Amino acid sequence: MGALKKFNRKEKLRFEEISYTYLKRFETAHFKKGNSLNGLSMYMRTIRAIYNKAIHQGMVSATIILLKKYKIKSQATAKRAISKDKVKRILDLE
């Protein structure tokens, strides 16, 4: 995860270092770069998946549910696909 590595500025990040405050700072830095809410959502879902896997493997205490406090948000994206009608018109071109 390159974005988190760049933000952290060191090679390794311990689970104990990830806190609600840490995630909010990462969020702020993400938006300062002009990045989107959905981009942030992707990073946060990945962090949550890794964190949950660590809980299941006994690497992190299950009593510390980090991402319960931090809500992952996203927004609908604009449709970019062309309509079936336009596809048909293209196929019908000579």
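**Exercise 1.** Is the crossing of α2 and α3 left-handed or right-handed?

*Solution.* A quick word on the model before we start: it is predicted, so local features need pLDDT of at least 70 and side-chain atom pairs count only at pLDDT 80 or more, while totals for chains, interfaces and linings use all residues. Residues are numbered from 1 along each chain as its sequence is written, and side-chain values use heavy atoms, with hydrogens and water left out.

Step 1: find the helices, which are DSSP runs of H or I with at least four residues, numbered from the N terminus. Helix α2 covers residues 20–32 and helix α3 covers residues 37–56.

Step 2: look at the axes, lines fitted to C-alpha atoms over the stretch in contact, with angles from 0 to 180 degrees between N-to-C directions. The axes of α2 and α3 come within 10 Å and cross at roughly 150 degrees. Therefore α2 and α3 are roughly antiparallel (an angle over 145 degrees).

Step 3: get the hand. A crossing is right-handed if the near helix is turned clockwise from the far one by less than a right angle, and that is what α2 and α3 show: their crossing is right-handed.

Step 4: see who touches whom, where contact means heavy atoms within 4.5 Å. From α2 come Leu23, Phe26, Glu27, His30 and Phe31, and from α3 come Leu37, Gly39, Leu40, Tyr43, Met44 and Ile47.

**Exercise 2.** Which residues make up the largest nonpolar core?

*Solution.* Step 1: recall that such a core is a set of buried Ala, Val, Leu, Ile, Met, Phe, Trp, Tyr and Cys residues joined through side-chain atoms within 4.5 Å; buried means under 20% relative accessible area, with a 1.4 Å probe and protein chains only.

Step 1: list the members. There are ten: Ala3, Leu4, Ile18, Tyr22, Leu23, Phe26, Leu40, Met44, Ile47 and Tyr70.

Step 2: trace them back to helices. At least two residues each come from α1 (2–8), α2 and α3.

Step 3: zoom in on one member. Beyond its neighbours within four places in sequence, Ala3 is in contact with Phe26 and Tyr43.

**Exercise 3.** Where is Arg9 found?

*Solution.* Step 1: Arg9 sits in the loop between α1 and α2.

Step 1: check its backbone. Most residues other than glycine have a negative phi. Phi of Arg9, however, is positive, near 60 degrees.

Step 2: check the surface. Arg9 counts as exposed because its relative accessibility is 76% (the cut-off is over 50%).

Methods: Parallel < 35°, antiparallel > 145°, perpendicular 65-115°, else oblique.
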